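Hi everyone, thanks for coming. I'd like to walk you through one model this morning, with an eye on its charged side chains.

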Amino acid sequence: MTDIFSVDYFTEHLRKHVELHAEFNERVDAMNSYYRSIVSTLVTEKLTATSETLQRIRNLDEAYTTIKSQEF
């Protein structure tokens, strides 16, 4: 199991989201949907440590870039 909100966590969940929505959306559309959903949640979440929020967004961005460059 990967650490919650790590790059590996986001990569795994982003890949699953794309696979689950493959028949309904283009891959990039599915990725963007997941990305927007997570960023929206992180921005509205009441975290006391803003550096934690920024690290989560950086990890999500790295996972997004990794999955976008890969073939399924």
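I'll take the salt bridges, then a charged patch, then one backbone angle.

A word on where the values come from: this is a predicted model, where local features need pLDDT of at least 70 and side-chain atom pairs count only at pLDDT 80 or more, while totals for chains, interfaces and linings use all residues. Residues are numbered from 1 along each chain as its sequence is written, and side-chain values use heavy atoms, with hydrogens and water left out.

So, how many salt bridges does the structure hold? There are 2, with a salt bridge meaning a side-chain nitrogen of Lys or Arg within 4 Å of a carboxyl oxygen of Asp or Glu.

One of them joins lysine 16 to glutamate 12, with the closest N and O atoms 3.2 Å apart. These two residues are separated by about one helical turn, because they sit 4 residues apart in helix α1; helices here are DSSP runs of H or I, at least four residues, numbered from the N terminus. Lysine 16 is partly exposed at 41% relative accessible area, and glutamate 12 is partly exposed at 34%. For the cut-offs, buried is under 20%, exposed is over 50%, and partly exposed is in between, using a 1.4 Å probe and protein chains only.

Now please look at helix α3, which spans residues 50–69. There, arginine 56 and glutamate 52 meet in a salt bridge at 2.5 Å, N to O. Being 4 residues apart in helix α3, they too are about one helical turn from each other. Buried or exposed, what is arginine 56? Arginine 56 is buried, at 10%, whereas glutamate 52 is partly exposed, at 35%.

Staying in helix α3, we find glutamate 62, partly exposed at 46%. Glutamate 62 gathers with Asp3, Asp8 and Asp61 in a surface patch of negative charge. A patch like this takes residues with over 30% relative accessible area and no salt bridge, joining like charges within 9 Å.

Last, the backbone. Which residue other than glycine has a positive phi, near 70°? That is phenylalanine 5, in the segment before α1, the helix of residues 7–20. As a reminder, most residues other than glycine have a negative phi. Phenylalanine 5 counts as partly exposed, at 22% relative accessibility.

That's my tour, and I'm happy to go back to any view.

Methods:
Patch = residues over 30% accessible without salt bridge, like charges linked within 9 Å, V, L, I, M, F, W, Y side chains within 5 Å. Areas by Shrake-Rupley, 256 points an atom, 1.4 Å probe, with all protein chains shown as cover. Lys, Arg positive; Asp, Glu negative; His and termini not counted. Charge placed at Lys NZ, Arg CZ, Asp CG, Glu CD.
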